[in-house]
Amino acid sequence: KDIYNLPRKPTHTVGTLTLDACYLPRTSPLERFPKTLKIAQEIVNKYAEQQRIEYDGYLWQEGGDVDGMLQKRYFTLQGNRLIAHHEITKKPKVLVNLLRVVDILSDGSLHNDTAKKVRNFTDVVLFSDCFKLIFSNGEVINLNAESTKSKDEWIEKLTNVIQLNNF
């Protein structure tokens with residue numbers, strides 16, 4: 001017998017199906033999408049949690065757009081964005097994308113995997129009281145607060161943001 005030609009009932013409507021679909025083109029051939037909706041929801045929840053983290057205050061900065069000197073700036077932390085403001089007008093001047101930060105070093109501590117990205121031993125000695133943002137491209141921004149309490153709060157907030165970068 002031919003199993004593909006068995007007697008069949010005529011077609012009839014069982015119900016209707018409404019489908020909402022979304023197409024997300026890849027921005028890079030290396031980009032990977034979540035395999036399940038549960039993983040995608042976890043990523044969205046982490047992102048929402050990250051965006052709720054806020055803080056502001058004055059920090060001393062060396063590195064980034066400030067090279068070779070320390071400069072006091074007013075910063076606001078809004079989720080994964082650290083915004084440096086003009087000293088006098090307080091208008092936004094520089095946006096630091098914290099999604100590109102891979103580690104934060106504080107209190108002179110160096111992790112083995114990120115110690116290589118700090119420029120040299122002199123920086124470790126001169127800026128040992130600062131905390132450092134280590135970026136994926138090897139750039140380092142040294143920051144320091146006016147008080148130990150403020151510095152610890154900045155480090156806590158920035159560490160929370162950076163840990164949430166790891167989806």
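Me: Is Leu 164 buried or exposed?
Reply: In this predicted model, Leu 164 is buried, with a relative accessible area of 11%. The cut-off for buried is under 20%, so Leu 164 falls in that class.

Me: Which element holds Leu 164?
Reply: Leu 164 belongs to helix H4, which covers residues 148-164.

Me: And what does Leu 164 touch, leaving out residues up to four places away in sequence?
Reply: On that count, Leu 164 touches Lys 46, Glu 49, Gln 50 and Ile 53.

Me: Which residues is Thr 76 in contact with, neighbours within four places aside?
Reply: Thr 76 is in contact with Tyr 55, Asp 56, Arg 81, Leu 82, Ile 83 and His 85. With one of these, His 85, there is a polar contact of 3.0 Å between the side chains.

Me: How do S3 and S4 pair?
Reply: Strand S3 (residues 81-85) and strand S4 (residues 92-97) pair in the antiparallel sense, over five bridges. Within that pairing, Arg 81 has Asn 97 in S4 as its bridge partner.

Me: How many residues sit between S3 and S4?
Reply: There are six residues between the two strands, and S3 and S4 form a hairpin.

Me: Where is Glu 87 found, then?
Reply: Glu 87 is also in the loop between S3 and S4. With a relative accessibility of 28%, Glu 87 is classed as partly exposed. That class lies between the cut-offs of 20% and 50%, so the value for Glu 87 places it there.

Me: What does Glu 87 touch, not counting residues up to four places away?
Reply: Glu 87 touches Gln 71, Lys 72 and Arg 73.

Me: Now the surface. Which residues make the nonpolar patch of about 370 Å²?
Reply: The patch is made by Ile 3, Tyr 4 and Leu 6. Tyr 4 is placed in the segment before helix H1 (37-51).

Me: Why does Tyr 4 count as exposed?
Reply: Tyr 4 has a relative accessible area of 65%. Exposed means over 50%, so Tyr 4 qualifies.

Me: How many helices and strands are there overall?
Reply: The protein has four helices and seven strands. Along the sequence, the pattern is α-β-β-β-β-β-α-α-β-β-α.

Me: What share of the 167 residues is buried?
Reply: Buried residues account for 32% of them. The protein exposes about 12,100 Å², and carbon and sulfur atoms supply 55% of that area.

Me: Last topic, contacts. What share joins residues at least 24 apart?
Reply: That share is 48%, taken among contacts between residues at least 6 apart in sequence.

Notes: Residues numbered from 1 in each chain as written. Predicted model: local features only at pLDDT ≥ 70, side-chain atom pairs only at ≥ 80, totals over all residues. Heavy atoms only, no water. Pairing = 2+ DSSP bridges. Patch = residues over 30% accessible without salt bridge, like charges linked within 9 Å, V, L, I, M, F, W, Y side chains within 5 Å. Areas by Shrake-Rupley, 256 points an atom, 1.4 Å probe, with all protein chains shown as cover. Salt bridge = Lys/Arg side-chain N within 4 Å of Asp/Glu carboxyl O. Buried < 20%, exposed > 50% of the residue type's maximum accessible area, 1.4 Å probe, protein only. Polar contact = N/O pair within 3.5 Å; in protein donor to acceptor, adjacent residues only side chain to side chain. Contact = heavy atoms within 4.5 Å.
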